[in-house]
Amino acid sequence: MPERPSDGERVYQGVPVSGGVAHGRVIVLGQSARNILRRELPEADVDAELARLQSALTQTRRDLLEVQRQVEEALGRQEASVFDAHLLVLEDPMLLDEVHRLIRDHRVNAESAYQQVSEKYAAALGALEDDYLRERAADIRDISGRVLDHLLGHRSERDLRSLPEPCIILAPDLAPSTTATLDRAHVLGFATDGGGTTSHTAIMARKLGIPAVVGLGDITARVRNGEYALLDGHGGVLTINPTDQTLFEYGQLKQRRAALDERLGALREQPAVTLDGHSIHLAANIDHPDDTQAVRACGAEGVGLFRSEFLFLNRRDLPSEDEQFEAYRRVAEAVAPNPAMIRTLDIGGDKLPAAWARLGEQNPFLGWRAIRICLDQPELFRTQLRAILRASAHGRVKIMFPMISSIAELRGANASLERCREELRDENVPFDPGLEVGIMIEVPGAALIADVLAREAQFLSIGTNDLTGYTLAVDRMNDRVAPLFAPTHPGVLRLIEMTIAAARRHGRWVGVCGEMAGEPALVPLLLGLGVDELSVTPASVPSVKFLLRRLRVAETQALARFALDAEDAEDVRQRSRALAMQAAPELFAGN
Ligand code: PEP
Ligand code: MG
């Protein structure tokens with residue numbers, strides 16, 4: 001991305017993915033594997049280099065023992081025992097001997113020596129057939145990353161929970177599983193080299209209310225640890241060493257936003273009804289039971305999408321039926337009498353539990369994902385379905401199946417659910433017999449046969465993130481093609497319209513739970529197309545509600561007619577944005 005000229009400060013423009021302004025020191029996360037240079041040491045430095053290595057090993061050992069202690073506290077001794085294997089790798093005498101020899105006899109710098117030897121061991125193990133030994137290769141790489149981070153003075157994703165002061169994180173990219181664990185008390189905001197607006201990392205940032213900017217090119221190579229930065233998550237700007245004038249201007253922007261937030265907050269208990277009396281069900285997207293606090297605080301009418309897969313990330317085992325039941329029950333009870341829409345497992349794509357990370361598919365978004373995995377792994381699916389059914393006795397639970405692409409998949413999923421109902425009946429375990437069951441429309445082929453699917457699904461919830469990606473063949477994670485990711489493309493809109501029309505014919509309701517629904521500029525368009533529900537990240541609920549209460553359906557229907565006949569995505573976006581701005585200019589001031 002181009003650097004904008006300015007005096008003294010350095011300004012970088014990226015893609016805004018989560019609003020807010022942060023100001024603080026920068027921490028550049030480790031890129032250990034990438035940039036290790038091999039240097040020849042002067043003879044006199046060899047002892048100091050060996051001591052440096054020893055110190056990095058000691059620090060790594062300390063880190064591992066600390067993580068082991070934390071895991072033991074949280075999950076028990078057995079879970080924590082995996083770190084015994086890590087400690088053995090760290091202390092492996094053969095590996096260390098070889099590193100020492102390279103440093104002493106060949107005068108190679110410690111980083112390069114350690115990386116060369118550990119990679120040799122990891123590659124040898126990784127090439128073996130044996131699953132257990134292949135896992136040891138992953139252990140070696142993990143340990144090597146930690147040791148190298150210490151040698152290079154880098155911080156790694158693993159350290160994010162122990163930052164000395166709240167910081168702005170700069171990273172090549174962040175995995176959704178890492179973003180999910182970011183702590184607002186420590187992380188002021190983050191900016192990444194790559195990434196797209198609908199990547200799960202961006203979605204997580206919005207949920208956490210952490211300002212975030214992605215697609216900044218090679219920002220991690222341009223900024224040094226400890227520099228001061230101002231991160232503008234509304235405009236997508238990262239300013240290094242901001243001048244007083246810049247800080248003043250952003251201070252004013254912050255004040256204006258605080259005043260607006262107060263106005264939006266006053267609508268918390270008000271319904272999402274348009275000026276001409278049309279009600280929209282405005283719900284929230286979550287990925288953790290704790291998020292239900294935010295759901296209530298933002299004034300959403302329940303949960304329209306619980307991304308249950310986040311219960312499966314950041315751990316080595318699978319959550320049991322009881323553990324899942326507790327999580328779903330908590331959500332159901334917290335939002336009752338409003339609905340709690342639990343989406344069954346959507347792992348795959350960019351969301352992979354640790355134990356599955358080795359699948360190594362070439363096209364994971366077109367691969368083994370979501371309902372495909374569940375139908376192939378009946379026990380995994382059964383455990384989740386039983387847990388959701390049991391939770392339905394404690395609130396207004398609904399189930400939705402992700403990534404459905406054919407009637408056979410829907411029938412397979414419905415049949416699995418029916419078997420679980422029968423089991424629970426036989427066991428006299430209560431559940432809600434009237435629980436609604438629907439599907440997500442995320443695959444173009446599913447939108448095209450929405451009339452067929454709507455016969456056997458009680459509702460259709462459109463996932464515009466994947467629907468846009470799959471319809472336009474644009475990777476939602478790839479910043480190079482980010483400008484092509486256009487949910488207002490007439491091709492995507494026609495699929496949405498077909499879905500809505502098919503649902504109407506079968507008396508089904510239709511929602512949108514992709515990120516498009518939370519973008520005020522696009523809300524008039526979705527309203528005009530005729531959706532019944534919008535489900536958005538809790539942070540977006542107040543602005544979407546504010547806007548809905550100032551729109552007239554008749555005007556938005558004219559917009560939808562224009563959009564379906566339009567030639568170009570940008571024309572549609574501009575028209576929809578203009579209508580939103582006319583209705584609620586406050587929401588757009590300063591962006
Ligand atoms: C979507 O695809 O629009 C959606 C809501 O699902 P996810 O973002 O979790 O893939
Ligand atoms: Mg999706």
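Reader: Hello! Are arginine 10 and glutamate 227 buried or exposed?

Author: Happy to start there, with a word on the model: it is predicted, so local features need pLDDT of at least 70, side-chain atom pairs count only at pLDDT 80 or more, and totals for chains, interfaces and linings use all residues. Residues are numbered from 1 along each chain as its sequence is written, chains are lettered from A and ligands numbered from 1 in the order in which they are written, and side-chain values use heavy atoms, leaving out hydrogens and water. Buried means under 20% relative accessible area, exposed over 50% and partly exposed in between, with a 1.4 Å probe and protein chains only. By that scale, arginine 10 and glutamate 227 are both buried.

Reader: What do arginine 10 and glutamate 227 form, and how far apart are the closest N and O atoms?

Author: The term to apply is the salt bridge, a side-chain nitrogen of Lys or Arg within 4 Å of a carboxyl oxygen of Asp or Glu. Arginine 10 and glutamate 227 form one, and their closest N and O atoms are 3.0 Å apart.

Reader: Which parts does that pair tie together, and how many residues apart are they in sequence?

Author: Helices (H or I, at least four residues) and strands (E, at least two) are DSSP runs numbered from the N terminus. Arginine 10 sits in strand E2 (residues 10-13), whereas glutamate 227 is in the loop between helix H9 (219-222) and strand E8 (228-232), so the parts tied together are 217 residues apart in sequence.

Reader: Where do arginine 386 and glutamate 423 lie, and how many residues apart are they?

Author: Their side chains meet in a salt bridge at 2.6 Å, N to O. Arginine 386 belongs to helix H14 (residues 378-391) and glutamate 423 to helix H15 (residues 407-426), a link between distant parts of the chain, 37 residues apart.

Reader: Which residues are linked with Arg386 and Glu423 in a network of salt bridges?

Author: Within this pair, arginine 386 is buried at 7% relative accessible area, while glutamate 423 is partly exposed at 21%. The network joins Arg386 and Glu423 with Glu321, Asp322, Glu379, Arg382, Arg390 and Glu427.

Reader: How many disulfides does a search of the whole structure find?

Author: A disulfide needs a pair of cysteine sulfur atoms within 2.5 Å. For cysteine 374, the nearest cysteine sulfur is that of cysteine 420, 11 Å away. Cysteine 374 is buried at 1% relative accessibility, and cysteine 420 is buried at 2%. The number of disulfides found is zero.

Reader: Which residues touch the most other members of the largest nonpolar core?

Author: A nonpolar core is a set of buried Ala, Val, Leu, Ile, Met, Phe, Trp, Tyr and Cys residues joined through side-chain atoms within 4.5 Å. The largest one has 110 residues, and those touching the most other members are Tyr328, Phe401, Ile439, Leu493, Ile496, Leu529 and Leu534.

Reader: How much area do domain 1 and domain 3 bury between them?

Author: The bounds, from an automatic or database domain assignment, are 10-30 + 159-242 for domain 1 and 276-588 for domain 3. Buried area is the accessible area (1.4 Å probe) that two parts lose on being put together, summed over both. Carbon and sulfur atoms carry 56% of it here, and the total is about 1600 Å².

Reader: How many salt bridges are there between domain 1 and domain 3?

Author: Lysine 207 forms a salt bridge with aspartate 291, with the closest N and O atoms 3.3 Å apart. Between domain 1 and domain 3, the count is three salt bridges.
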